[in-house]
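Have the sequence and the model side by side.

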Amino acid sequence: QVQLIESGGGSVQAGGSLKLSCAASGRIFSRSALGWFRQAPGKEREFVAAISVSGERTIYADSVKGRFTISRDNAKNTMFLQMGSLKPDDTATYYCAADFLFETSIYITSEGFEYDYWGQGIQVTVSS
């Protein structure tokens, strides 16, 4: 059974930083592209960032580009999202997700429906 568990969320003032982690159990981590998504109250889920299996490719939503950095440590089955210059608009529940790939690939996607496994989510609140 695959489990993704987010940690590191919380409350911070605008301009501050937070680092989210996503720990994975099971054997899918080293064969999966990974992504972060978020959902604010009353809004649809939106893509934040994604990283390829080896970590050599990353993509970001325009709204977080230059402020957030996605990374992964395959030896520790953990993915990270370093968030800086946080804004109140970044307030949301953040989800990590894994897109299992049957073949070695640098493929990554911003489409949520392509991800096979999801974490439970963690709250990030940014106050002005």
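## Ser-30 and its loop

Ser-30 sits in the loop between strand 3 and strand 4. Strands here are DSSP runs of E with at least two residues, and helices are runs of H or I with at least four residues, numbered from the N terminus. Ser-30 has 42% relative accessibility, so Ser-30 counts as partly exposed. The scale runs like this: buried is under 20% relative accessible area, exposed is over 50%, and partly exposed lies in between (1.4 Å probe, protein chains only).

Ser-30 touches Val-53 and Arg-72, leaving out residues up to four places away in sequence. A contact means heavy atoms within 4.5 Å. Ser-30 and Val-48 are 18 residues apart in sequence, and their C-alpha atoms are 21 Å apart in space.

## What kind of model this is

This is a predicted model, in which local features need pLDDT of at least 70, side-chain atom pairs count only at pLDDT 80 or more, and totals for chains, interfaces and linings use all residues. Residues are numbered from 1 along each chain as its sequence is written, and side-chain values use heavy atoms, with hydrogens and water left out.

## The nonpolar core

The largest nonpolar core has 39 residues. Such a core is a set of buried Ala, Val, Leu, Ile, Met, Phe, Trp, Tyr and Cys residues, joined through side-chain atoms within 4.5 Å. Trp-36, Leu-81, Met-83 and Tyr-94 have the most contacts inside this core. The elements that give two or more residues to the core are strand 3 (18-25), strand 4 (32-39), strand 5 (46-51), strand 7 (68-73), strand 8 (78-83), strand 9 (92-100) and strand 11 (122-127).

Which residues does Tyr-94 touch, not counting residues up to four places away in sequence? Among them are Glu-6, Leu-20, Trp-36, Phe-37, Val-48, Leu-81 and Met-83. Gly-121, Ile-122 and Val-124 are also included.

Phe-80 is found in strand 8. Beyond its neighbours within four places in sequence, Phe-80 contacts Lys-19, Leu-20, Ser-21, Trp-36, Thr-69, Ile-70, Ser-71 and Asp-73. Phe-80 and Thr-91 are 11 residues apart along the chain, and 18 Å separates their C-alpha atoms.

## Aromatic rings

A pair of rings is described by the distance of the centres and the angle of the planes. Rings of Phe, Tyr and Trp (its six-membered ring) pair if their centres lie within 6.5 Å. Planes under 30 degrees apart are stacked, over 60 edge-to-face, and the rest tilted. The structure holds 5 aromatic pairs. One of them joins Phe-37 and Tyr-115: this pair is edge-to-face, at 5.2 Å centre to centre, with 80° between the planes. Phe-37 lies in strand 4 and Tyr-115 in the loop between strand 9 and strand 10 (117-118), so the pair ties together parts 78 residues apart in sequence. Phe-37 is buried at 2% relative accessible area. Tyr-115 is buried too, at 5%.

Phe-37 also pairs with Trp-118. Their ring centres are 5.0 Å apart and their planes are at 55°, so this pair is tilted. Phe-37 in strand 4 and Trp-118 in strand 10 are 81 residues apart, so to speak distant parts of the chain, linked by the pair. Trp-118 is partly exposed, at 27% relative accessibility.

Most residues other than glycine have a negative phi. Asn-77 has a positive value, with phi near 50°. Asn-77 lies in the loop between strand 7 and strand 8. With a relative accessible area of 23%, Asn-77 is partly exposed.

Ser-85 also has a positive phi, near 45°. Its place is the loop between strand 8 and strand 9. Ser-85 is partly exposed, with a relative accessible area of 47%.
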